[in-house]
Number of protein chains: 2
Amino acid sequence: MTTSGPSSTRGSRAARARGNGHARQGIPDATVARLPVYLRALGTLSDEGVSTVSSEELAAAAGVNSAKLRKDLSYLGSYGTRGVGYDVDYLVYQVSRELGLTQDWPVVIVGLGHLGHALANYGGFASRGFAIRALVDADPEIVGTEIAGLQVEHLDRLERVIGTHGIAIAVIATPATVAQDVCDRLVAGGVSSILNFAPAVLVVPDHVEVRKVDMSIELQILAFHEQRKIGPRSLTDQLPDLPALAEVVIP
Amino acid sequence: MTTSGPSSTRGSRAARARGNGHARQGIPDATVARLPVYLRALGTLSDEGVSTVSSEELAAAAGVNSAKLRKDLSYLGSYGTRGVGYDVDYLVYQVSRELGLTQDWPVVIVGLGHLGHALANYGGFASRGFAIRALVDADPEIVGTEIAGLQVEHLDRLERVIGTHGIAIAVIATPATVAQDVCDRLVAGGVSSILNFAPAVLVVPDHVEVRKVDMSIELQILAFHEQRKIGPRSLTDQLPDLPALAEVVIP
DNA sequence: CTCACTTTGTGCTCACGTTCACAAGCGCTT
DNA sequence: AAGCGCTTGTGAACGTGAGCACAAAGTGAG
């Protein structure tokens, strides 16, 4: 499940307004979230020299049900050939185009602690249509140093940096305490998509989309299921439950 | 939405087997995913000295609808007081207990590149019932060095490390190429919950739960929405779409 | 050309999740 | 002790997503 909760601009109203030739408009959110997974699997296949793939094979590589994969792809259009499968390279192009990865998106990372540092050095971005164009931090110890070939700029210049590079997508990797402030300034500066690594709930205007990545939350979800496996017979589990015990029977 | 797709041990069958006094068994996945968010908001309130909170206030702090919050909390039991609200500290305890955070979970991090390094140094774990007990890597340059107060051990010792500390939850922060191998060994060693940062689809037995954190995927989802905002009037958007143009009208 | 076989694209059903709206319950005031 | 206002807990309606199962459409053999 999903990882995070976006906030704005839900599409999907006219999701069913299809049926004609065009596939445009209204790809379900759940599908959009899976397209990058398909794209990665397709990239691997392409690198291996595979030119055609069936929904069954691709689904296995992406870790999903094949019917779901076919339905997902059908939202983009009819790019398969019955009796054959999908052309890998053609599908890579179509999915990339749908996701908006045929162009390069300039990105700024705000906050260069351990995590921001790791993100700046992560190669997985550049390969997929994202170009980290600027690094921003408030700590005088960090400002001016060079990370991943970029000079870290001071937070004061945030708005200027956004404007200069035409940045629409930003990554927040600051401490939680300043995340909302940074977020507000990003939005004021014109950023409309934010990837938030800070453990804080960001409040943004409707036209801004926020996605959250929070390892602490993911671990807690794992802990919940782990606890369930061990069983409801643990010590602490037999005790209090119902402060109000009435209203049980007799309506 | 989410973020990711777990794989196993879905609860929720007997979700509706309630109605009696007890609230046990069958908390919806969507609810479980939000409990950590509530817990964080509650922690902040508690630190601020707030002793009672209404569903409306807490929902605002957590960034969700108040009806949803009430329904979520109702799965744990009736811990609120009508006309008043919820006792903050009591609720913190109940949510923590439900998530299994009243005990400490020993965790191993495998892979100590930039990201693993950042994770090892992240303070947010310890404060929430998780204790990083071991760091494991295969690179001889890294093995033996000390990170966050722990000595990095060699991958060869993985099974031993798991056994010694009784580890059930592991974090994979290796390159994608070796993620599945590491995963298999973790599972063979007895780990049953995995948090995967590697951009790879992991295949695991049914009793193992995997959650995935992938910043590249999140960025691509943002790019999709960003592209939509700019409008379907961009250059590349007027072109190819329908290889097959027939079947348009007349059913 | 026809038939057998393969794989896509999708209608339909069911399950899950979200939201509304309100009755039930609690505390405070009079 | 009775009434009033506030807030929880939840029944019910609605919307979204998953997956089955099959018709449609393509390929290749005979």
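Let's start with a helix that reaches over to another chain. Helix α8(B) lies across β4, β5, β8, β9 and β10 of chain A, and runs at about 165 degrees to β9(A). Helices (H or I, at least four residues) and strands (E, at least two) are DSSP runs, numbered from the N terminus. Axes are lines fitted to C-alpha atoms, for helices over the stretch in contact, and angles run from 0 to 180 degrees between N-to-C directions.

Two notes on the model. It is predicted, so local features need pLDDT of at least 70 and side-chain atom pairs count only at pLDDT 80 or more, while totals for chains, interfaces and linings use all residues. Residues are numbered from 1 along each chain as its sequence is written, with chains lettered from A and ligands numbered from 1 in the order in which they are written.

Now the sheet under that helix. In what order do the seven strands of the chain A sheet run? The order is β6-β7-β5-β4-β8-β9-β10, in an open sheet with mixed pairing. Two strands pair if DSSP finds at least two bridges between them. At the edges stand β6 (146–147) and β10 (209–212) of chain A; each has a single partner strand, so one side of each is left without a neighbour in the sheet. Strand β9(A), residues 193–196, runs parallel to β10(A), with four bridges joining them. In one of these, Ser193(A) has Glu209(A) as its bridge partner. Helix α5(A), residues 114–121, also packs on this sheet. It touches β4, β5, β6 and β8 of chain A, and its direction makes about 160 degrees with that of β4(A). Contact here means that the C-beta atoms of two residues, placed from the backbone, lie within 7 Å.

Over to chain B. Its seven strands form an open, mixed sheet in the order β6-β7-β5-β4-β8-β9-β10. The edge strands are β6(B) and β10(B), each pairing on one side only. Two bridges join β6(B) to β7(B), residues 150–154, and these strands run antiparallel. Glu146(B) stands opposite Gln151(B). Helix α8(A) packs on this sheet, at about 165 degrees to β9(B). Helix α6(B), residues 158–165, lies across β4, β5 and β7 of chain B.

Next, two helices from separate chains. The axes of α1(A), residues 29–47, and α8(B), residues 215–230, come within 9 Å and cross at roughly 125 degrees. That makes α1(A) oblique to α8(B). Angles under 35 degrees count as roughly parallel, over 145 as roughly antiparallel, 65 to 115 as roughly perpendicular and the rest as oblique. Which residues of α1(A) make the contact? They are Val32(A), Ala33(A), Pro36(A) and Val37(A), facing Ile217(B), Gln220(B), Ile221(B) and Phe224(B) of α8(B). By class, that is seven nonpolar, one polar and no charged residues. Ala, Val, Leu, Ile, Met, Phe, Trp, Tyr, Cys and Pro count as nonpolar, Asp, Glu, Lys and Arg as charged, and the others, Gly among them, as polar.
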